[in-house]
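I opened this notebook to record what I looked up in one structure. The entries below follow the order in which I went through it.

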Amino acid sequence: MTQGIFITFEGPDGAGKTTVLQELLPRLTALGKQVTTTREPGGVAIAEDIRSVILNPQNTAMDDKTELLLYIAARRQHLKERILPALESGQLLLVDRFIDSSVAYQGFGRGLDIEAIEWLNQYATDGLKPDLTLYFDIDVEEGLARIARNADRDIDRLDMEALDMHERVRAGYLALLDKESERIVKIDASKTLEEVVEAAFTAICDRFFK
Ligand code: TYD
């Protein structure tokens with residue numbers, strides 16, 4: 001099944017990972033790779049519907065466990081419809097957010113039980129893990145300032161959370177990095193876009209195309 005290569009992009013809000021992912025696309029295609037990109041939550045119609053419920057700023061009544069289960073449901077649908085077919089057909093697959101976001105945001109950020117989240121992730125993905133995860137690390141205040149400056153990006157329900165929630169999310173990512181240092185590579189996202197793209201490109205090539 002796993003002829004493809006599965007790479008995920010993770011990081012706190014405003015780290016710039018989505019922009020970097022788009023910039024990598026032509027560079028990886030130029031290497032002759034068949035590249036597919038997609039994102040969570042969303043990526044396919046059912047999961048995009050779930051995404052709009054989760055991120056709707058008006059849904060202030062949403063319970064934390066409801067939020068977690070919606071992300072997990074969106075993940076399952078996206079896995080079946082996008083991730084598995086892409087890997088089966090040998091694609092180089094770049095996914096914006098995956099299992100680590102649940103651990104960082106709902107686990108460390110919201111304070112939900114990490115073991116329960118790991119179990120739900122495993123259940124939703126049948127245990128599929130990325131071959132490589134690029135973690136874009138940025139100071140929380142700098143990340144949020146970038147979002148505020150970016151007029152093209154709508155402010156969603158998660159962006160509106162307090163600073164200390166975002167601090168816990170970053171701490172969660174750093175804990176994951178510590179625990180899974182083989183799978184997860186840290187990229188310093190405070191640098192210029194060109195430097196960050198270069199670091200991400202190098203990390204991918206070092207791992208798969210040497
Ligand atoms: P998105 O617009 O994709 O944010 P970004 O461009 O920063 O990636 O919105 C996704 C939001 O959902 C983001 O704040 C992180 C959050 N999220 C979780 O809390 N848990 C999850 O499992 C996932 C996939 C995302």
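**Entry 1. Basis.** I note that this is a predicted model, in which local features need pLDDT of at least 70 and side-chain atom pairs count only at pLDDT 80 or more, while totals for chains, interfaces and linings use all residues. Residues are numbered from 1 along each chain as its sequence is written, and side-chain values use heavy atoms, with hydrogens and water left out.

Entry 2. I looked up the strand order and found five strands in an open sheet, arranged 2-3-1-4-5 with parallel pairing. Strand 2 (35-39) and strand 5 (184-188) are at the edges with a single partner strand each, so one side of each has no neighbour in the sheet. On average, neighbouring strands are turned by 20 degrees against each other, direction ignored. For these terms, helices (H or I, at least four residues) and strands (E, at least two) are DSSP runs numbered from the N terminus, and two strands pair if DSSP finds at least two bridges between them.

**Entry 3. Strand 4.** I then followed strand 4 (residues 132-137) to its partners. Strand 4 pairs with strand 1 (residues 5-10) in the parallel sense over four bridges, and Leu132 is the bridge partner of Ile7. Five bridges join strand 4 to strand 5, again in parallel; there, Phe136 has Ile187 as its bridge partner.
Is strand 4 buried or exposed? Six of its six residues are buried, so strand 4 is largely enclosed by the rest of the structure. Leu132, Leu134 and Phe136 are buried on one side, and Thr133, Tyr135 and Asp137 on the other. Buried means under 20% relative accessible area, exposed over 50%, and partly exposed in between (1.4 Å probe, protein chains only).

**Entry 4. Helices on the sheet.** I found helix 1 (residues 17-30) lying across strands 1, 2, 3 (92-96) and 4, at about 170 degrees to strand 3. Helix 8 (residues 193-208) packs on the sheet and touches strand 1, strand 4 and strand 5, its direction making about 160 degrees with that of strand 4. Contact means heavy atoms within 4.5 Å; axes are lines fitted to C-alpha atoms, for helices over the stretch in contact, and angles run from 0 to 180 degrees between N-to-C directions.

**Entry 5. The ligand.** Which residues are closest to the ligand? I list Asp13, Lys17, Tyr71, Arg97 and Gln106, out of 17 that surround it (a heavy atom within 4 Å). A polar side-chain atom of Lys17 lies 2.5 Å from a ligand oxygen atom. For side-chain N or O atoms, the distance to a ligand oxygen atom is 2.8 Å at Tyr71 and 3.0 Å at Arg75. A polar contact is a pair of N or O atoms within 3.5 Å. Taken alone the ligand exposes 540 Å², of which the protein buries 93% (Shrake-Rupley method, 1.4 Å probe).

**Entry 6. Two loop residues.** I located Glu161 in the loop between helix 6 (140-149) and helix 7 (163-179). Glu161 is partly exposed at 26% relative accessibility and touches Arg110 and His166, not counting residues up to four places away in sequence. Its C-alpha atom is 9.7 Å from that of Gly109, 52 residues apart along the chain.
I located Gly90 in the loop between helix 3 (64-88) and strand 3. Gly90 is partly exposed, with a relative accessible area of 36%. Leaving aside neighbours within four places in sequence, Gly90 is in contact with Gln3 and Gly4.

Technical notes: A polar contact is a pair of N or O atoms within 3.5 Å; within protein, one must be able to donate a hydrogen and the other to accept it, and residues adjacent in sequence count only if both atoms are side-chain atoms.
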